[in-house]
Amino acid sequence: MRRAPTTLAALALCLALAAPALAADKPLTFGMLLVGPYNDKGYSQAQYEGGKYVEEHVPGAKMLYLDKLNPADRPGVTVPQVVDDLAAKGATLIFAGSDDMKDGIREAAEQHPELTFVHISGDDVLTGKAPKNLGNVFSKMEYAKMMAGFSAAMTTQTGKIGFLGPLINDETRRLADAAYLGARYAWEKVRGQKPEALSFKVTWIGFWFNIPGVTSDPNQVAGSFFDQGYDVVISGIDTPEALTVAAARRKAGADVHALPYDFKQACDSAPEACLGVPYFNWGPALLPIVKDVVAGTWKPSFVWLSPDFAALNDPDKSPVGFLPGQGLSAESKKALDQFTADLGSGKVDLFAGPLTYQDGTVFVPAGRTATDKELWFCPQLLKGMEGASASK
Amino acid sequence: MDVVLSHIVKRFGQLIANDDVSLTLEAGRIHGLLGENGAGKSTLMKVLCGQLSPEAGEIVVDGAAHARLTPDAAAALGIGMLPQDPLDFPPLRVWENFALGGGPVLTRREARSRLEAVCSRMGFCLRPDVPVADLTVAERQHLELARLFDRDVRLLILDEPTSGISPAQKRTLFAVLRAFVSDGRRLVALVTHKLTEARELCDAVAILRHGRLAGSFAAPFDTQDVLTAMFGAEVAATATAAPPPPPEPLGLGTPVLRAANLVIADDKAVLRDVSLEVHPGEIVGLAGISGGGQEALLRGLAGIARSVAGELAIGGRDLAGRPATDFLAAGVHYLPAARMEEGLFPGLSLLDHVRLAFPDKRREARAIFAERCVGRFRLTNTPNARADALSGGNQQRLLLSLIPDDTRLLLADNPTRGLDAASIAQIWDHFRERAAAGAAVVFFSEDLDELLAQAGRVLVFFNRDMAADLPAASLDPGLVGDLMTGRSTAAANGGGSAP
Amino acid sequence: MTRRAAPLVRAAWALAAAFAVTLGILLAAGAPPFATLAVMAEGGLGSQAAALRTLAAFTPLLLCGAALCVTFAANLWNIGVEGQITMGAIFAQGCLRAADPAGGLPAGLDLALGLAASALGGLVWALLAGMLRTHGRVHEIFSGLGLNFVAMGVSLWLILGPWKRPGMASMSGTETLDQALWLPALGGRPMSMVGPILAVAAFVGAAWLLRRTFFGLTLAAVRQNALAATRLGLRPGLRILAAMGICGALAGLAGGILVAGLYHRLIPSISGNYGYTAILAVLLASGSLLALPAACLFFAVLTVGSVQLPLSLSLDSSLAGVLQGVLVLTLFAARRLRPLSRRREP
């Protein structure tokens, strides 16, 4: 992660050198496959805006996007088909935005060796399944989730923090774990409280958003957290129920807070109830990839970008951000800034051992830090957290 | 108030329901409008009360001519109609229905005081807080009349008001109507197909036949003249002939039907504790006011309503609680009162009906249709016609022709309702043939005269209970009427024994 | 106007009205109306690849449409087709992932078994709704809707739980099936022709069943009048179950074809709203068996062609969904509001 600035510098150099060649080249057209609506105020909109950012910053670049690319919204339409269309329209670089495009984008990459493919959130390079023209990119949302957990633990009066989880997979377990680590740090190291006095509970609703009849109702789950004395709820789902419920409880006189997810402006709907929001900022994450492809220097790799801790909410710099909300006290905010700085400097490394999974097996032994691969494939919640590690 | 209908023409597509009908209704009199079903009586009355617009002619009320009336205009003129089927809201209470009865909605206090006033004036007994669903047909009629009287109706139109009420209730109604016109300013128009009622009540009758005015008579009128005007000379002769005597049972051997302490749970009513034997060759009539339990018995014997307790054996097979298909296998068939709604498939061809009724012989459906439906049952339509194109008489002929010949127990709910005289005669002939061939027929008719004329034995129902079992010898309209309205009990009259 | 020509005139009028409303909506949405329609048609039929995609969407639509005709024939509102597709897909996946392509049975037999299993899965799911109707007095609309959610829940649970791919469970679905267990692809790579052939066969079979057999007649009788059918001993309950079963089997087969012929694995929401769209298609064809394939094709073109809206014209692709709904509604309304309706049946 500390390599990032150097890479950028190198990139800039390459770009400067390649600039004359670029001008002669025909402008780049890239495709963007979004799983949800391009204007969902969440996961997909963040990617769409990232694409727009690239269009602005790479002269002549043009984005073709297709949103709602999922079997429910577009029955019978598969990723390879759309890639055929995009290729026919001149796209030479394709971004696929979601985990559920994993097989489709790999198949398309095999069928179109002349194009470049980047699967956001995928891990085919890590697992060795990727063809030569397919790379992965993702941002380390874990750090922003740590900050979310940190803010929650700084604020809670009862020592009880709820985590409103979506469906259970490696990514969501990882993020819940990160939030827990941030909360535990704040609780023990900053507030100096007893470890056993902190309760961190994860409840999974079953999907990224509420599907009546299929998932648990997130309103109900958030409400029952507050009923049981949990006074901060961290949301891991795509929709803002946790914050909405918290705002309603505040109106009724309860001193509760929540942290939404995904979208930078998510706090705006209920500012006093909001402690902050972890969000994606794809512009600075995608731009170097596009520039590499234009320059012909792109190599397939598994890129997992860390935030720019010094410029966390700078749209031109950090691929992941955490925007503190009005609900966070000035004191806590100060502690958070210190925490962010410590994470950036490496003074605090919450993925350092010893860390243990829920069932007692060792995650990271004492004396070293988890590798990306160990982090990425996350089989369980951590010891000390309540909640299911797998769906039954 | 005087009303003149002048040269009224009303068409429905090809059909001319009223063809140049002129009629004068004078104040202080009760006018009868007679005719067969489909003769155009109801249409004419709907024109009069503004529900239908005539194509030609005019309606003159107290000298003012109107090309057509709307329901509101008719109401403003003081014309009100008691329809054949009550237009009320069964879940609501009596006073609520009264309060909603056209015009401005009344407040609770207003409605209750005015209802009480009307009731005491007309001698009705209506408890304001009872839901209308719990009222008898006669009481619902009273409620409807109370609404009309309260609105100061001067021309009261009644469409077949006596179906579904007992002779005693009929007498009460007629007395009310007499009192209504007694001041010499108001008048009544009574639509009926029953000559006896017209004779009893009306000061003058007009007869409609095929949409045209076929005659008008002032009381006292000659029965034969009126019948000739209604049916034409030929049919009138047969209609006045006395029906052949009901058949005697073929013997007291094994009964076709044996029920002991049977309890039948129908959709709305539970019929309690029926014990009964019916022998081959019997024609058994069921008497009762609507909802008295006789319909439930028919549906229970047909296997459509469930027998929940007791014994039921038909043709020696124990059928209590068995599915409807077992009843069919035992030779039980049921003719529903609502022929189209319960008996036929409106969108299917007549040929398809034959195929469905005789699935084993469906390849010969055309031959069966020609021989049986058209030949034996005189169905007058083509095999590819849809059932919803059939007239009432043809509907019943089709239904009868679909009942196999080896039927042991034939159940019929109002088999002649709404049919013309020729069709009615054919149906009774057919039932007698069936009985003579060894089947038993059990039927219910709302028309007590018909019931007593055709049945060899009558079971009377009151309040979802079998009140009496009367042999042909002891049949008397007054007694049956009292039994079916609960005014008298079987024990007091010494009835209740099987023949 | 002769009697024979009247339905044609009526259809033409309805289509013209629908077309006019469509153009109006496109104008209101700020889209160039004719260009938009051309782009959608081109995207659905313009090339061999596009036509193959349309065929891929057409296959489950026609299967579900045929299935729905059977239940509509018995006056059942089988909203549960979605769940029946999903269950079919689950059964097919369960059968195929257990199959060993290397040894044991030949792959063709494995595939046949997989498709048979899919039909069985749909049948079981439909019978459940049917029995709730006949024995539990629960209307099939409610049970169908409920079972749709349950089926979706089961598929999600399998994908993220017991059937998750090695390593990381993914919303991308279960592990891809061995290539030997894919329905053989002829010509175009995304789609197997086995699906369309089965769909057409199922459609012809359903049409024959409804039009030419005694069973079809009894279903019509149950639809027309269940009371009268009871009276004739036609056992409406049994017929309802049979109709539901046939419908479920065909819908399940659609799910099996989606697994074995298109996606080659179980994915979340594999039913892809085909069930609901097929209901629209059957309504559009207004119960006419002859018009059903055309209606299914129309919806397939619309679904596939709408992909081009954001790609070619930067239009919000929801527009296609709006058009789809408005077209169906307009066609219904136009039938009622047609001019020249001087003749009224008495």
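Contact means heavy atoms within 4.5 Å of each other. The views below come from a predicted model, in which local features need pLDDT of at least 70 and side-chain atom pairs count only at pLDDT 80 or more, while totals for chains, interfaces and linings use all residues. Residues are numbered from 1 along each chain as its sequence is written, chains are lettered from A in the order in which they are written, and side-chain values use heavy atoms, with hydrogens and water left out.

**View 1. Surroundings of A:P307.** A:P307 lies in the loop between β11 (302-305) and β12 (320-324) of chain A; strands are DSSP runs of E, at least two residues long, and helices are runs of H or I of at least four, numbered from the N terminus. Leaving aside residues up to four places away in sequence, A:P307 touches A:K140, A:Y143, A:L312, A:S318, A:P319 and A:V320.

**View 2. Burial of A:P307.** A:P307 counts as buried because its relative accessibility is 8%, the term being used for values under 20% (1.4 Å probe, protein chains only). The C-alpha atoms of A:P307 and A:N281 are separated by 9.7 Å, the two residues being 26 apart along the chain.

**View 3. Interface of chain B and chain C.** Here 24 residues of chain B are in contact with 17 residues of chain C. Between them the chains bury about 1,700 Å², 71% of it on carbon and sulfur atoms; buried area is the accessible area (1.4 Å probe) that two parts lose on being put together, summed over both. B:T325, B:F345 and B:L356 supply 31% of the area that chain B buries against chain C, more than any other three residues.

Note on methods
Buried means under 20% relative accessible area, exposed over 50%, partly exposed in between (1.4 Å probe, protein chains only).
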